[in-house]
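Subject: Structure handover

Hello,

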Amino acid sequence: MPAVAQSPLGDTFVVARDPSGAAWVQYYSPATATWMPNWVSGGGIFQGNPSAGIGTGNTLWYAFRDSYGAYWLRKYHPTAGFGAPVALGGVLASDPAMA
């Protein structure tokens with residue numbers, strides 16, 4: 001199931017996992033009333049469902065659980081692209097959650 005996060009200004013991000021386990025991001029801009037023309041690949045091999053939240057500067061932060069059960073955190077901004085993945089570690093049986 002995809003994760004959705006929305007900024008106070010209405011910028012909307014969707015994070016999903018494809019059948020091979022890779023992360024994908026989509027972005028909606030209320031200023032132009034359009035979605036990005038294509039999904040953007042965040043890579044990786046994950047399982048379960050992602051979680052997502054909005055940080056400062058209208059930046060999406062999302063988390064996934066990898067095939068070993070460890071959590072990973074990554075940021076995305078529509079104009080700056082992806083930040084480096086951050087390994088949070090662990091061996092967890094449940095999907096991450098953000099508020």
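Predicted model: local features only at pLDDT ≥ 70, side-chain atom pairs only at ≥ 80, totals over all residues.

Residues are numbered from 1 along each chain as its sequence is written, and side-chain values use heavy atoms, with hydrogens and water left out.

**Overall fold**

The chain has zero helices and ten strands. Helices (H or I, at least four residues) and strands (E, at least two) are DSSP runs, numbered from the N terminus. In sequence order the pattern reads β-β-β-β-β-β-β-β-β-β.

The radius of gyration is 13 Å, which agrees with the value near 13 Å for a compact globule of 99 residues. That radius is taken over C-alpha atoms, and the globule rule is 2.2 Å times the number of residues to the power 0.38. The C-alpha trace spans about 40 × 25 × 25 Å along its principal axes.

Contact here means heavy atoms within 4.5 Å. Take the contacts between residues at least 6 apart in sequence: 33% of them join residues at least 24 apart.

**Surface and charge**

The accessible surface is about 5,500 Å², and carbon and sulfur atoms account for 62% of that. Areas come from the Shrake-Rupley method with a 1.4 Å probe; for residues, only the protein chains shown count as cover.

There are 4 positive and 4 negative side chains, and the centres of the two sets lie 4 Å apart. Lys and Arg count as positive and Asp and Glu as negative, while His and the chain ends are not counted. Each charge is placed at NZ of Lys, CZ of Arg, CG of Asp or CD of Glu.

**Core**

Buried residues make up 39% of the 99 in the chain. Buried means under 20% relative accessible area, exposed over 50%, and partly exposed in between (1.4 Å probe, protein chains only).

The largest nonpolar core has 14 residues. Such a core is a set of buried Ala, Val, Leu, Ile, Met, Phe, Trp, Tyr and Cys residues joined through side-chain atoms within 4.5 Å. V15, V25, A52, L60, Y62, F64 and Y76 touch the most other members. Two or more core residues come from each of β1 (3–6), β2 (12–17), β3 (23–29), β6 (46–55) and β7 (59–66).

**Single residues**

P30 sits in the loop between β3 and β4 (34–35). P30 is partly exposed, at 34% relative accessible area. Beyond its neighbours within four places in sequence, P30 contacts L9, G10 and D11. P30 and G10 are 20 residues apart in sequence, yet their C-alpha atoms are 6.0 Å apart.

A33 lies in the loop between β3 and β4. A33 is exposed, at 53% relative accessibility. Most residues other than glycine have a negative phi. A33 has a positive phi of about 55° and is not a glycine. N58, in the loop between β6 and β7, also has a positive phi, near 60°.

T59 belongs to strand β7. T59 is buried, with a relative accessible area of 13%. Leaving out residues up to four places away in sequence, T59 touches G53, I54, K75, Y76 and H77.

D95 is in the segment after β10 (86–89). D95 is partly exposed, at 26% relative accessibility. Leaving out residues up to four places away in sequence, D95 touches Q47, G48, N49, R65 and Y71.

Best wishes
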